[in-house]
Amino acid sequence: EFSSMAANLNKMVEDLKELMDKERESERTKNELITNVAHDLRTPLTGIIGASSSYLENEEKLDTDEKRALVSHIGEDANWLLNMVENLLTVTRIRNDSASVNKSLEPVEEVMSEAVFRLKKRIPDANIRVLLPEEFVMIPMDATLIEQVLVNLMENAVFHAGSTEPIECRAEIGRDTVTFFVTDQGVGIDEDKLETIFDGTGQTENSSADGHKGMGIGLSICKTIIVAHGGTISARNLERGAQFGFTLPRGEANED
């Protein structure tokens, strides 16, 4: 009896230790997320404040083109802030709902087209080449969330690839899955960052230099969305540029 009690006690201690470790890890992840969100919000807010101050202080000296340029910068930064808020609300909703999403059958080509349309509204001069699948396929998904993933991946490529070559967005239809790819012809990703690029802590080296956010938060949200759909997401370097891909199952729609 004492032996059995000791074994049970040891099991309780191990379970408690595991629970405490998970809680500490959750708290660490939450703190890192807050830190990185604050970092990412600071850049566009600083830009908005700087551009608006320049406009107000020098309004009489500025010509029409200079005024339009300042207002354009304010608009770009404001749009990015809106996108960031949408991302954060999305990931919060998913996590609060036990990582479940409401899925319905959606056409792959329409989701891809709508994602490019949304990106073009935000970045009109984005150079995107879309390769729609020849086969008409409908798969279960939350279309708005998957479009958001595609927009995030294409936006990252626009701002961080360091290339003016077209960014390719395409889908491959498999028997049980559909895989979406966003491929650029830019500078690629540092090899030491590939393993942790989706954990929400990474910042690109040029995030402060080009005035745009790092990739960490947006990619972390992409992963949350894809995992909630029962899929997988990955990144790799090609001979030239980088490729992000995510795979969704071709299952039945549900009403979670």
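Colleague: Which residue does Glu 168 form a salt bridge with?
Modeller: Glu 168 forms a salt bridge with Arg 170, and their closest N and O atoms are 3.0 Å apart. The term applies when a side-chain nitrogen of Lys or Arg lies within 4 Å of a carboxyl oxygen of Asp or Glu. This is a predicted model, where local features need pLDDT of at least 70, side-chain atom pairs count only at pLDDT 80 or more, and totals for chains, interfaces and linings use all residues. Residues are numbered from 1 along each chain as its sequence is written, and side-chain values use heavy atoms, with hydrogens and water left out.

Colleague: Is Glu 168 buried or exposed, then?
Modeller: Glu 168 counts as buried because its relative accessibility is 16% (buried is under 20% relative accessible area, exposed over 50%, and partly exposed in between, with a 1.4 Å probe and protein chains only).

Colleague: And what does the side chain of Arg 170 meet besides that, in a salt bridge?
Modeller: The side chain of Arg 170 also meets that of Glu 172, at 2.7 Å from N to O, and Glu 172 is partly exposed because its relative accessibility is 40%.

Colleague: How many salt bridges does the count come to?
Modeller: The count comes to 6 by this rule. One of them joins Lys 193 to Asp 190, with the closest N and O atoms 3.9 Å apart. Lys 193 is partly exposed, since its relative accessibility is 23%, and Asp 190 is partly exposed too, at 38%.

Colleague: Which residues are joined into one network?
Modeller: Arg 129, Glu 168, Arg 170 and Glu 172 make up one network, joined by salt bridges that share partners.

Colleague: Changing topic, what order do the strands of the open sheet have?
Modeller: The open sheet has 5 strands in the order β2-β4-β5-β7-β6, with mixed pairing. Strands here are DSSP runs of E, at least two residues long and numbered from the N terminus, and two of them pair if DSSP finds at least two bridges between them.

Colleague: Which are the edge strands?
Modeller: They are β2 (128–131) and β6 (232–237), each of which pairs on one side only. On average, neighbouring strands of this sheet are turned by 15 degrees against each other, direction ignored (the axes are lines fitted to C-alpha atoms, and angles run from 0 to 180 degrees between N-to-C directions).

Colleague: How does β4 connect to β5?
Modeller: A hairpin of 3 residues joins β4 to β5. Strand β4 (residues 167–173) and β5 run antiparallel and are joined by 6 bridges, and Arg 170 has Phe 181 in β5 as its bridge partner.

Colleague: How many residues of β5 are buried?
Modeller: Strand β5 (residues 177–183) is mostly covered, with 6 of its 7 residues buried. Strand β5 is also joined to β7 by 7 bridges, running antiparallel, and Val 182 has Phe 244 in β7 as its bridge partner.

Colleague: What about β6 and β7, in which sense do they pair?
Modeller: Strands β6 and β7 (residues 242–249) pair in the antiparallel sense over 6 bridges, where Arg 236 has Gln 243 in β7 as its bridge partner.

Colleague: Last topic, which residues line the largest cavity?
Modeller: The lining consists of Ala 161, Ser 163, Glu 165, Ile 167, Asp 184, Gln 185 and Gly 186. A cavity is a set of points on a 1 Å grid over the protein atoms alone where a 1.4 Å probe fits but cannot get out, and lining residues have an atom within 4 Å of a point.

Colleague: How much space lies in it?
Modeller: About 30 Å³ of space lies in the largest cavity, and the structure holds 1 cavity of 30 Å³ or more.

Conventions. On a 1 Å grid over the protein atoms alone, a cavity is a set of points where a 1.4 Å probe fits but cannot get out, and a pocket is an open set with protein on both sides within 12 Å along at least five of seven lines; lining residues have an atom within 4 Å of a point. Grid points are joined across faces, edges and corners, and a volume is the space filled by probe spheres set on the points. Helices (H or I, at least four residues) and strands (E, at least two) are DSSP runs, numbered from the N terminus.
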